[in-house]
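This report describes selected local features of one structure. The sequence and coordinates come next.

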Amino acid sequence: MDLHKEGDRGSAKQKKVKIVFVIGGPGSGKGTQCKRIAQQFGYTHLSVGEILRQEISSGSETGAMIQKIMKEGKLVPSDVTVRLLQQAMQGINSGKFLIDGFPRNEENVKAFEDLTKMEPEFVLYLDCPQDEMEKRLLSRNEGREDDNIETIRKRFKVFMESTLPTIEYYESKGKIRKVDAGKSIDEVFESIKVIFSQGKDNKVPPISRHKCKCLIL
């Protein structure tokens, strides 16, 4: 599979690749649910957060830059994120990708569409109350540098300001499928199974950005 621009012949190949983006705030359960989706529905699960952390672990100059940005609770530049995501996708022979934690802003969307000439079949939005996400992040104790209360709240703010416009963009294209992610893991997955089995239901209602922003602490 080649995700670079190659003209008509390349575009024909690209149409065979099915992509689903999974968006949700920090601690909304993206990783947990994606593992279940991948197992039940045969997707290859790629976590953008994990891809970025792997680059940090590699000790590269890019990894050092990513680490500094993530410590500050900010978003990694789109060209860096998409390039690393492309590399991960090119290294796997799969026709179905489940990409969690992406896109995180409108620049991500543009960079992905420009570089791959592809769009997601739909976007799964795990909608979770901020107090529940905060509780989950503080209790998971995975040793991640960005799982402290100060950085967590910065990440919430970035999500509300940067990712919500992305959700609105895909909602305008009829691609958003929203799930109440504040419920138990099993209850959330039951809702997700309906979406992946049918692919047409649970479109997100229009989002009030003002209403959402009041959640920021």
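## Buried positions and helix packing

With neighbours within four places in sequence left aside, V20 is in contact with Y43, F97, L98, I99, F122, L124 and F196, contact meaning heavy atoms within 4.5 Å. The model is predicted, so that local features need pLDDT of at least 70 and side-chain atom pairs count only at pLDDT 80 or more, while totals for chains, interfaces and linings use all residues. Residues are numbered from 1 along each chain as its sequence is written, and side-chain values use heavy atoms, with hydrogens and water left out.

V20 lies in strand β1. Helices (H or I, at least four residues) and strands (E, at least two) are DSSP runs numbered from the N terminus. The C-alpha atoms of V20 and E119 are separated by 8.7 Å, although the two are 99 residues apart along the chain.

Buried means under 20% relative accessible area, exposed over 50%, and partly exposed in between (1.4 Å probe, protein chains only).

| Residue | Relative accessible area |
|---|---|
| V20 | 0%, buried |
| S78 | 8%, buried |

S78 belongs to helix α5 (residues 78–90). Apart from neighbours within four places in sequence, S78 has contacts with N105, E107, N108 and A111.

Helix α2 (residues 30–41) has 12 residues, which at 1.5 Å a residue should span 16 Å; its end C-alpha atoms are 16 Å apart, in agreement. The expected span is 1.5 Å times one less than the number of residues. In α2 the buried residues are K30, Q33, C34, I37, A38 and F41. They cover an arc of only 140° around the axis, which puts them on the same side of α2; the arc is that of the directions from the helix axis to the C-beta atoms. K35 and Q39 are exposed on the other side of α2. The cover over the buried residues of α2 includes β1 (18–24), β2 (44–47), β3 (96–100), β4 (122–127) and α9 (185–198). After α2 comes G42, with a positive phi near 75°.

Helix α6 (residues 106–116) packs against helix α8 (residues 149–172) at an angle of about 55°, the axes being 8 Å apart. Axes are lines fitted to C-alpha atoms, for helices over the stretch in contact, and angles run from 0 to 180 degrees between N-to-C directions. The two helices, α6 and α8, are therefore oblique to each other: angles under 35 degrees count as roughly parallel, over 145 as roughly antiparallel, 65 to 115 as roughly perpendicular and the rest as oblique. From α6, E106, V109 and E113 meet S162, P165, T166, Y169 and Y170 of α8.
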